[in-house]
Amino acid sequence: MSTNMSLSEISWADFQALSLLEKGAYFQGTPPHTLIAQQFTRAKLDELCTLATRIKRINKRREGANYLKTLLSDKRAMLYFAQPSSRTYLSHNAACQILGLDTMDVRDSKTSSEVKGESPEDTIRTFSSYADMIIMRHPVGGFAERVAWMLAHTNREIPVLNAGSGADQHPTQALLDVYTLERSFEKIGGIDGKSVVFVGDLARGRTVRSLAWMLTQYKDVTLYFVAPESLQIGQDILDLLDAAGTNYVVTQDFTSIMPIADAIYMTRIQDEWDVAGQGRTTGSSDYHIGAEDMHLLKDTTAILHPLPRREEISTDIDNDPRAVYWRQMRNGMWIRAALILTTFGRQDEANKYYDDYKPAS
Ligand code: CP
């Protein structure tokens with residue numbers, strides 16, 4: 001995939017007509033943007049996972065933590081979250097702090113001049129005047145791509161990180177999910193060859209949509225999609241899996257799949273996307289995992305959840321070593337620090353520090 005494609009050289013209409021894989025080439029240009037899962041290759045995922053662990057280890061000692069804070073002390077990040085968030089906002093903010101970036105934020109559009117009629121485009125251009133990076137969550141699918149394209153047509157093109165867009169993409173969540181799977185399986189051969197089971201609201205779960213595609217980068221994985229018919233994974237994702245040659249099974253039978261799962265990825269009902277009078281409006285999932293199910297699982301099965309959860313995972317399994325969702329959440333801070341450092345091209349400095357000082361694990 002070429003990395004020299006510039007967003008400034010393509011019209012918005014032509015850009016929108018590209019496939020997700022074709023768009024990836026534009027997002028790896030200069031500056032690199034993180035907008036869709038499809039821009040990540042296996043090599044890039046391996047590089048980010050290794051760097052995340054190195055940053056984590058360097059950060060354990062005070063001199064290491066102080067060193068990390070120098071790496072991006074000349075940069076400022078704007079966190080623009082036009083949708084609610086706890087983990088994604090806080091972990092990006094913490095990742096910035098680890099690397100010494102100062103941060104600014106707008107967490108509610110009602111507190112910005114958008115209420116005076118300023119367009120979203122002008123709002124973003126305003127942010128780019130003060131910041132060196134925009135980390136953004138927005139309810140409109142594809143808006144982060146529009147922002148990156150729009151900035152490419154100004155004299156201040158800065159990197160954009162998509163922290164969740166519409167119901168379609170959540171690429172940095174997928175990164176932390178991949179990192180968590182890598183770490184969970186590090187003693188049993190990594191992600192290659194594993195069976196990953198997605199459960200719940202797969203139609204509107206942007207984390208599942210991004211992660212399912214990222215897992216196509218691993219050899220011989222099998223993906224299981226467990227959901228009621230009305231909430232099953234979209235055909236567009238299944239088409240991408242077919243094109244990538246990734247095995248998958250679509251089913252409603254969770255119990256029979258549990259014993260073969262290497263990872264179970266639970267999700268809540270995404271009822272914030274319900275349209276009044278249309279489709280499903282219940283807030284509870286048809287699927288649940290609790291203490292009564294744990295005997296069905298392998299000793300090595302990893303249970304993940306992007307969180308927040310409702311009742312689809314009982315709190316009574318929180319302390320089971322197979323329940324990795326709290327670790328998964330913390331992993332988000334390390335992999336986002338790795339991503340941000342790489343976005344600014346400063347990863348070699350951290351890798352050199354690690355090689356020189358070899359911090360203990
Ligand atoms: N997983 C996730 O995106 O959580 P938040 O909505 O709390 O950021």
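**Cavities and ligand site in a predicted model**

The second largest cavity has a volume of about 40 Å³, and a search of the whole structure, which is a predicted model, finds two cavities of 30 Å³ or more. The largest cavity holds about 60 Å³ of space.

- The lining of the second largest cavity is made up of Met5, Ser6, Leu7, Tyr26, Gly29, Thr30, Pro31, His33 and Glu157.
- Divided by class, the residues that line the second largest cavity are four nonpolar, four polar and one charged.

**The largest cavity**

- Around the largest cavity, the lining residues are Arg87, Gln173, Leu176, His305, Pro306, Tyr325, Gln328, Met329 and Arg336, and the elements that contribute two or more residues to this lining are helix H8 (171-184) and helix H12 (325-343).
- Helix H12 supplies four residues, which is the largest share of the lining of the largest cavity.
- In terms of residue class, the lining of the largest cavity comprises four nonpolar, three polar and two charged residues.

**The shell around the ligand**

- The residues that surround the ligand are Ser85, Ser86, Arg87, Thr88, Arg137, His170, Gln173, Pro306 and Leu307.
- This shell around the ligand consists, by class, of two nonpolar, five polar and two charged residues.
- Arg87, Gln173 and Pro306 are among the residues that surround the ligand, and Arg87, Gln173 and Pro306 are also among those that line the largest cavity.

**Polar contacts of the ligand**

- On the side-chain side, an N or O atom of Ser85 lies 2.6 Å from an oxygen atom of the ligand.
- The backbone of Arg87 places a polar atom 3.0 Å from an oxygen atom of the ligand, while Arg87 is also listed in the lining of the largest cavity.
- A polar backbone atom of Leu307 is 3.1 Å from a ligand atom, which in this case is a nitrogen.

Definitions and conventions: Residues numbered from 1 in each chain as written. Predicted model: local features only at pLDDT ≥ 70, side-chain atom pairs only at ≥ 80, totals over all residues. Heavy atoms only, no water. 1 Å grid on protein atoms, 1.4 Å probe; cavity = no way out; pocket = protein on both sides within 12 Å on 5 of 7 lines; lining within 4 Å. Points joined across faces, edges and corners; volume = space filled by probe spheres on them. Nonpolar A, V, L, I, M, F, W, Y, C, P; charged D, E, K, R; others polar. Near = heavy atom within 4 Å. Polar contact = N/O pair within 3.5 Å; in protein donor to acceptor, adjacent residues only side chain to side chain.
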